[in-house]
Amino acid sequence: MAQKNNCEFSIREFKPSDEHVIRSLFRDGILEHVYPAFFKAMSHPDHIGIALSISMAGYVLGGSSYFQAFLFGSAWAGLIYYCCHEIYEGYVLRRLSSDMAAIQAHYLGNPDNGLWVAEADVKGQSKVVGMVAVTGKRGVEDGERFDCNGSILGGGAEFGQDNGDGSYAEMSHMVVVYPWRRKNLGSQLTGKALDFCKDRDFSRLVVDVSSPQTAAVSLYQKFGFIQTSSHRNTHTNRWFSKLARINVKQMEKFI
């Protein structure tokens with residue numbers, strides 16, 4: 001059943017007819033983080049120093065050529081951008097070949113999973129402007145946690161206690177289209193995910209957020225999520241994560 005609010009959008013469960021637009025929204029929403037990640041990485045003192053050093057080397061090697069200095073510095077910036085792009089593009093491709101490849105089977109065929117979309121009225125037509133997904137995890141052994149790609153992450157006391165059978169839920173695919181940001185839609189979607197976890201008797205909800213997503217981190221903190229760990233396992237070449245200076249923050253909230 002759709003949930004309405006005073007900002008003229010509604011939140012409802014995913015329907016098979018949404019499949020194409022959901023994939024496009026997901027891809028665009030994730031790749032949107034490439035530029036913020038790039039600018040954040042390039043503004044780090046280490047990268048500024050390297051860029052200046054490389055530019056100076058180009059200036060000297062080019063015989064006092066400002067163009068050569070610019071060329072060398074641009075090559076360094078291009079490498080950092082490539083690393084940022086590969087991290088987010090790689091994540092998109094992994095998800096499009098896993099749960100997003102069979103959306104109906106994954107989210108409609110399992111009562112412990114859920115996918116919701118937010119619709120807004122745009123010139124008299126309904127348009128999908130946001131989404132969020134929850135994947136339930138039951139029977140996970142104590143001290144272990146699996147990420148969204150099936151890899152085992154370190155567990156232990158930092159993740160607290162579950163319902164006795166190691167059950168919890170993971171939130172992902174949180175996307176809000178730009179014109180509908182700062183209108184409480186992200187909060188509404190997060191609340192929908194938390195309500196679903198309560199209904200399914202999950203004791204906690206976990207989410208992984210990349211470090212450049214500062215707005216998302218602030219949103220989750222407002223809901224009482226706390227950071228439990230941080231790592232650079234972005235499932236790409238480890239040097240990409242180091243050069244892009246991207247960490248994955250693991251956050252969770254007990255329900």
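Visitor: Before we start, what counts as buried, exposed or partly exposed here?
Guide: Buried means under 20% relative accessible area, exposed means over 50%, and partly exposed is in between. Keep in mind that this is a predicted model.

Visitor: OK, take Phe39 then. Buried or exposed?
Guide: Exposed, because its relative accessibility is 52% and the cut-off is over 50%.

Visitor: And Phe38, buried or exposed?
Guide: Phe38 counts as buried, because its relative accessibility is 12%.

Visitor: How are the rings of Phe38 and Phe39 arranged?
Guide: Their centres are 5.3 Å apart and their planes sit at 55°, so the pair is tilted.

Visitor: What about Phe38 and Tyr81?
Guide: That aromatic pair is edge-to-face, with 5.7 Å centre to centre and 80° between the planes. The pair links distant parts of the chain: Phe38 is in helix α2 (residues 34-42) and Tyr81 is in helix α4, 43 residues apart.

Visitor: How exposed is Tyr81?
Guide: Tyr81 is partly exposed, at a relative accessible area of 28%.

Visitor: Which residues make up the aromatic cluster there?
Guide: Tyr35, Phe38, Phe39 and Tyr81 form one cluster. Across the whole structure, a search finds nine aromatic pairs.

Visitor: Switching to the core. How many residues are in the largest nonpolar one?
Guide: It has 61 residues, and Leu185 and Tyr220 have the most contacts inside it. Helix α4 gives the most to this core, with nine residues.

Visitor: What does Tyr220 touch?
Guide: Leaving out residues up to four places away in sequence, Tyr220 touches Met171, Met174, Thr190, Val207, Val209, Phe225 and Met251.

Visitor: Which nonpolar residues form a patch on the surface, though?
Guide: Phe67, Phe70 and Leu71 do, with about 360 Å² of accessible area together. Phe70 is found in helix α4, residues 66-96, and Phe70 counts as exposed because its relative accessibility is 57%.

Visitor: Let's zoom out. How many helices and strands are there?
Guide: The protein has eight helices and 10 strands. Of its 255 residues, 46% count as buried.

Visitor: What about contacts between residues at least 6 apart in sequence?
Guide: Among those, 72% join residues at least 24 apart.

Key. Residues numbered from 1 in each chain as written. Predicted model: local features only at pLDDT ≥ 70, side-chain atom pairs only at ≥ 80, totals over all residues. Heavy atoms only, no water. Helix = DSSP H or I, 4+ residues; strand = E, 2+ residues; numbered from the N terminus. Buried < 20%, exposed > 50% of the residue type's maximum accessible area, 1.4 Å probe, protein only. Contact = heavy atoms within 4.5 Å. Patch = residues over 30% accessible without salt bridge, like charges linked within 9 Å, V, L, I, M, F, W, Y side chains within 5 Å. Areas by Shrake-Rupley, 256 points an atom, 1.4 Å probe, with all protein chains shown as cover. Salt bridge = Lys/Arg side-chain N within 4 Å of Asp/Glu carboxyl O. Core = buried A, V, L, I, M, F, W, Y, C linked by side-chain atoms within 4.5 Å. Phe/Tyr/Trp six-rings, centres within 6.5 Å; stacked < 30°, edge-to-face > 60°.
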